[in-house]
Amino acid sequence: ETGGDYYDFITYGGSESTQIGIAIGDVSGHGIASAMIMATVRSSLRQRSLLPGNAGSIISDVNRQLVLDVENSGQFMTMFYVTIDPAKKNLYWVRAGHDPAIFYDPATNKIEKLSGSGIALGIDENWLFEENLKTDLAKGQVVLLSTDGIWETRNPKGEMFGREPVIQILRQNAS
């Protein structure tokens, strides 16, 4: 089966300023059409990440390209995009209609949702996505990005797994 789920790791920048981009997304619908949209976004994101600009401008540019491909189809793609700058110990993110990431700090046992405003990609070509910032990253902190497939997984009784069990697993296995 094919579909539109997507995740990727993109390394860019020079040896002294290497940054890591992480993307997770989900195209509406299933099948070949969704897989093709996912591949288009992957290509656009990888290409755009090599050019100057912050995470907000990267996702805004990818969105403009996607709107041209899907504007009359009704399809769209949610995405959560993170850039980690290890030298500055900063984490930048853009939320494009996707579930917020979960940030866990084992030193304080604090869970934080990395939210932010932003609509799904492919809907409005003029939407300007905003970059969010978390500073002072420390060793051992965890960022969990996921799709709704984790929360909505059902057990044999038909019950959804939910977010709380995922958070408990994260706390218990952060090391």
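Contact means that heavy atoms lie within 4.5 Å. This is a predicted model, in which local features need pLDDT of at least 70 and side-chain atom pairs count only at pLDDT 80 or more, while totals for chains, interfaces and linings use all residues. Residues are numbered from 1 along each chain as its sequence is written, and side-chain values use heavy atoms, with hydrogens and water left out.

Helices (H or I, at least four residues) and strands (E, at least two) are DSSP runs, numbered from the N terminus. Buried means under 20% relative accessible area, exposed over 50%, and partly exposed in between (1.4 Å probe, protein chains only).

Not counting residues up to four places away in sequence, Thr147 touches Ile24, Gly25, His98 and Asp99. The C-alpha atom of Ala138 is separated by 23 Å from that of Asp8, 130 residues apart along the chain.

**Nonpolar cores**

A nonpolar core is a set of buried Ala, Val, Leu, Ile, Met, Phe, Trp, Tyr and Cys residues joined through side-chain atoms within 4.5 Å. The largest has 22 residues, of which Leu45, Ile59, Met77, Met79, Tyr81 and Leu121 touch the most other members. Elements giving two or more residues to this core include strand E1 (5-12), helix H1 (32-49) and helix H2 (55-70). H2 supplies the largest share of this core, six residues. Apart from this core lies another, of 11 residues, among them Ile22, Val82, Ala101 and Leu145.
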